[in-house]
Structure formats: structure tokens, C-alpha cells
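Please read them with the model open.

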Amino acid sequence: MNEISLCAYAKLNLYLDITGKRNDGYHLLETVMQSIDLCDIVTIRMSDKVGASTVGCSDPRIPDGKKNICFKAANYFYTAARRYPASEIFIEKRVPCAAGMGGGSADAAAVIVGLNKLMGEPLSRSQLLKVAARTGADVPFCVVGGTKLCRGVGDDIRNEVELPERVYLVVMPDFLCDTHGAYVIYDEDPLPQRNAMKRFLKSGDGFPKAMYNVFGVLYENEKIDGIIEKLKSLGAEGACLTGSGSAVFGVFKDEQSAVNAAKEFPNYFTSVCKPMKYGTRIIDCKIEETSDKDGNSNDNVTEGT
């Protein structure tokens, strides 16, 4: 049984706007996403025998088995690699669910990257991104990670963003946002495109004040607005909703300021986070000995990064 464990890093949307809608119903987005060091731990155990994937999670609220996005990611990967080994996937959940932080997408990305490593890297980077795009909108970014400009349905990823390093305080309130309802509101009365991405990209050290999220406008939620204003009053250079919510984050110049601000939200989940340059990271990898055609034994491989 070969085994690998990976960090699956969450993301924040520093800028997010809806730019249109495709004929198939998918909404087109323009966003700057930032990987942060808050992560789930995804462990994959794989045998050489042909079989199905199983998926489990430490959080009982997360669906397991075929209903989990990781199951879909594994199946798409196996189809692309043309191999179907039996695998067991387990998610140690640390990223809040339904937060707009891409937790499920990050888990799926970790599955794709992890399976590729366990199976001897049969897929190239471009092939991995195609598998990721089939799996879900944010999954390609979560495979790549870092700070990226993404357009379309998440499959157009560009290295056009250079931002100064900051510390992020994530605040997850005790309520969820109605993403479907927000899209319905948009479809009935589309907001004019803000067209402020270029200004954001050129904002440099002042990027926290240039952040924007169209869902914050669509929701018009007083509780969300209240958290944003409180973060600013506690020293955040800027604050914003991430994804379709309901998590909010503030941008701070130093870690201690963020830690102090977190104490003012005792009833909410909070996490002080730093930016990451990648979307997944292998923390342990064990590949059992195999024999070649001549009966020679290959060395056992153990990797940790």
C-alpha cells in the first residue's frame, strides 16, 4: 500500500467580479486569488489492485464517498492516466466549509497532485490542469496556488500579479450565505462590470483598499458589512468578503496586529494566515518496494517536503 499526505491550502479572493454568463449557465468571473497557509490535510492510500476509490472526512458535515468532490477528482485523474487502482482518501478538515475559501477545491487539487506522485507522474502539468478544470472551477488554481489572476470559469490562470506580502485575518461568522440566491439576483438585474481589475493590479502597497467582491454588493448583508467595518477599525488596511462567503478577511501589515484583532471576535472562527506560493505541499510520501521484470528490487521511496 503506497501512501501520501498533502497540505491542501485555502484561498482568498482579493478581487472578484462577475463578467458575464455562458450559454450553458456558468457565470464568468474575473478574480485575483491568494493561497494562504490555512489548510486541510489530505491522505491517500493506494494499492496496485484494480478497484474503486473511497472518501472519508473528519467533519461529519462533509459528504463522503461519491458525493465528495475528491471522488470525482480521483475518477477524472484515473481516466486521464488510464489506470484504475484502488484508493482510500481521507480529509482532515481544518478549513471551514461553505466559507468561500475553496476548501473542497483545495482537497480535490491535493488528490490530483497526490495521485500523480504515487503513480510515477504519468500526467504532465498541463494534463493535470485539464483534470482539475473538469473537476471544478477553483481546482486549477488550487493545483497551481500562489497569487494569480484567474478569468472565465477558473481555467484561465495568469501570472500577472505582484503584491507586497501581508498578514490575513480570516473571520468566519456563524451563518452561511445564499450563493444561488445571489446569482439569481445578478441574473435578474446584472450589475455593471466594475472594470477595476487593472487599477487593483497597479495598486501596489495600497492593494487592500482596492479590494472588491461583487457578492458583497449582491448580498447587502448588514452582518457581513459589520465584520468588515470592525476589522478596519481594528487596524486592517482593508477588509473584504472572500468567494461567495460567508468568511471575511482583513489585511494587516504585521502578525501581532492580526492576532490582537482576532481576540475581538471570540464567538467566531478566526485564523491568522500568511500567503503561500503554492496550492498543495507534500508532507509525507511512502512508496513500497516494487520488482522489475528481472526480479530486481527497487528502493523504497520516502519523501517529505
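**Notes on the aromatic rings**

1. The charged end of Arg194 lies over the Tyr212 ring, 4.2 Å from its centre. A charge counts as over a ring if NZ of Lys or CZ of Arg is within 6 Å of the ring centre and within 35 degrees of the ring normal. Lys230 has its charged end over the ring of Phe265, 4.7 Å from the centre.

2. On the source: this is a predicted model, in which local features need pLDDT of at least 70, side-chain atom pairs count only at pLDDT 80 or more, and totals for chains, interfaces and linings use all residues. Residues are numbered from 1 along each chain as its sequence is written, and side-chain values use heavy atoms, with hydrogens and water left out.

3. Tyr212 also belongs to a cluster, joined by ring pairs, with Tyr15, Phe200 and Phe207. Rings of Phe, Tyr and Trp (its six-membered ring) pair if their centres lie within 6.5 Å; planes under 30 degrees apart are stacked, over 60 edge-to-face, and the rest tilted.

4. There are nine aromatic pairs in the structure. Among them, Tyr168 and Phe249 are edge-to-face, at 6.1 Å centre to centre with 65° between the planes. Tyr168 is in strand 7 (residues 167-172) and Phe249 in strand 10 (residues 248-252), so this pair ties together parts 81 residues apart in sequence. Strands (E, at least two residues) and helices (H or I, at least four) are DSSP runs, numbered from the N terminus. Both Tyr168 and Phe249 are buried, meaning under 20% relative accessible area (1.4 Å probe, protein chains only).

5. The ring centres of Phe215 and Tyr219 are 6.0 Å apart and their planes are at 35°, so this pair is tilted. Phe215 and Tyr219 are separated by about one helical turn because they are four residues apart in helix 8 (residues 214-219). Phe215 and Tyr219 are both buried.

How values were computed: Buried < 20%, exposed > 50% of the residue type's maximum accessible area, 1.4 Å probe, protein only.
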